[in-house]
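Dear colleague,

I am handing over the structure that we spoke about, and my notes on it follow below. Please read them with the model open beside you.

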Amino acid sequence: MNSYFNSPKPAYSFEIFPPKGTGSLASVFATIDELASLSPDLISVTYGAGGTSRENTVEIASKIQNSYNIPAVAHLTCVGATKVSLDTILDKLQANGVSNILALRGDLVEGEPLGEFKHASDLIEYMKRHYSFTVFAACYPEKHPEAPSLEADIDNLKKKVDAGADVLITQLFFSNDDFFRFRDKVRAAGINTPIETGIMPITSASQVTRMVNLCGATLPETIRRKLAAYGHNSMAMKEAGIAYAVEQISDLLASETDGIHLYTMNQPSIAKRISESLRGILYSRRVKCD
């Protein structure tokens, strides 16, 4: 398992995404330049639905690993994957020194079948049988949108862990109480795998509406008030969103979270603002743990 999760200090990581289609990678590498200055423990790279985007994931993750000397986590999905195509990608990542994979089922794409792997647990089991990657898996504090209940979703999470998942990363959430309830249930179910908490700073009213519709996250009343008060003013909304993310993360760190995974949306300036606001808290936690 990655050494950052073998120590009591919390991990601090970022997620970025490749450009769509044949877009230039220059802006992504500019983003990484800025994020690297914040000394993250890991940077993960999402995996798109198209072939070019998937190839970009391999290239970007490899550069993070080798040019920036930051451990990279390459996302990998079941959608459209065969054992042959999967081996091709895993062999490339392994040859380039990338040792961390986030295994996902992926969003279903109209006209594109799941392939030979139907569930993330199938993907995890295959990788653990044939490779030596540290495998990350997703979890959902408010349950996966397709799950009939949180309990059923935790049963599915147990399958991922039993298949060999080493680390869990949560879907975004806006109420820490939702995460704490989820964590208690997960631990009660016998799942003791480290859990990184996924945090997405709110930067605009349209962004939060889109993400809530996509993943089913609940908006607490305090965020609804902020949207009502500042949603029409982009600068004010961004400032309020950054302040809320800082407060949310500081509370999670005080409650002994295993790590913070910041969904940057390729906006390094916001990641910098949040990191600078948390610098004293992150440093004190790490000194205490060391």
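At roughly what angle do the axes of helix H3 and H4 cross, and within what distance do they come? The axes of helix H3 (residues 83–95) and H4 cross at roughly 60 degrees and come within 12 Å, where axes are lines fitted to C-alpha atoms, for helices over the stretch in contact, and angles run from 0 to 180 degrees between N-to-C directions. H3 is therefore oblique to H4, given that angles under 35 degrees count as roughly parallel, over 145 as roughly antiparallel, 65 to 115 as roughly perpendicular and the rest as oblique.

Before going further, please keep in mind that this is a predicted model, in which local features need pLDDT of at least 70 and side-chain atom pairs count only at pLDDT 80 or more, while totals for chains, interfaces and linings use all residues. Residues are numbered from 1 along each chain as its sequence is written, and side-chain values use heavy atoms, with hydrogens and water left out. Helices (H or I, at least four residues) and strands (E, at least two) are DSSP runs, numbered from the N terminus.

The helix packing around H4

The crossing of H3 and H4 is right-handed, a term used if the near helix is turned clockwise from the far one by less than a right angle, with left-handed for anticlockwise. On the H3 side, Lys83, Leu86, Asp87 and Leu90 meet Leu123, Tyr126 and Met127 of H4, contact being heavy atoms within 4.5 Å. By class, this contact of H3 with H4 has 5 nonpolar, no polar and 2 charged residues; Ala, Val, Leu, Ile, Met, Phe, Trp, Tyr, Cys and Pro count as nonpolar, Asp, Glu, Lys and Arg as charged, and the others, Gly among them, as polar.

Helix H4 (residues 120–130) also packs with helix H5 (residues 150–163), at an angle of about 10 degrees and with the axes 8 Å apart, and H4 and H5 are therefore roughly parallel to each other. Ala120, Ser121, Ile124, Glu125 and Lys128 of H4 make this contact with Lys159, Lys160 and Ala163 of H5, and by class the contact of H4 with H5 has 3 nonpolar, 1 polar and 4 charged residues.

Within H4, the residues Ala120, Ser121, Leu123, Ile124, Tyr126 and Met127 are buried, meaning under 20% relative accessible area, with exposed over 50% and partly exposed in between (1.4 Å probe, protein chains only). Their cover includes strand E3 (72–77), H3, strand E4 (100–104), strand E5 (134–139) and H5.

From H5 to H6

The axes of H5 and helix H6 (residues 176–188) come within 10 Å and cross at roughly 55 degrees, which makes H5 oblique to H6, and this crossing is right-handed. Here Leu150, Glu151, Ile154 and Leu157 in H5 meet Phe182, Lys185 and Val186 in H6. Leucine 157 counts as buried because its relative accessibility is 4%, and, leaving aside neighbours within four places in sequence, leucine 157 is in contact with Ala138, Cys139, Leu168, Phe182, Val186 and Ile191.

The nonpolar cores

The largest nonpolar core has 68 residues, and those with the most contacts inside it are Ile16, Ile32, Ile60, Ile64, Leu93 and Ile274; such a core is a set of buried Ala, Val, Leu, Ile, Met, Phe, Trp, Tyr and Cys residues joined through side-chain atoms within 4.5 Å. Helix H9 (residues 234–254) gives the most to this core, with 6 residues. A second, separate core of 25 residues includes Leu42, Phe136, Leu227 and Met237.

Individual residues

Threonine 57 lies in helix H2 (residues 51–66) and counts as buried because its relative accessibility is 2%. Residues up to four places away in sequence not being counted, threonine 57 touches Pro18, Val45, Thr46, Tyr47, Ala74 and His75. Aspartate 91, by contrast, lies in helix H3 and counts as partly exposed, at 40% relative accessibility.

Most residues other than glycine have a negative phi. Glutamate 256, in the loop between H9 and strand E8 (259–263), has a positive phi near 65 degrees. Asparagine 266, in the loop between E8 and helix H10 (268–289), has a positive phi near 55 degrees, and asparagine 266 is buried, with a relative accessible area of 19%.

With best wishes
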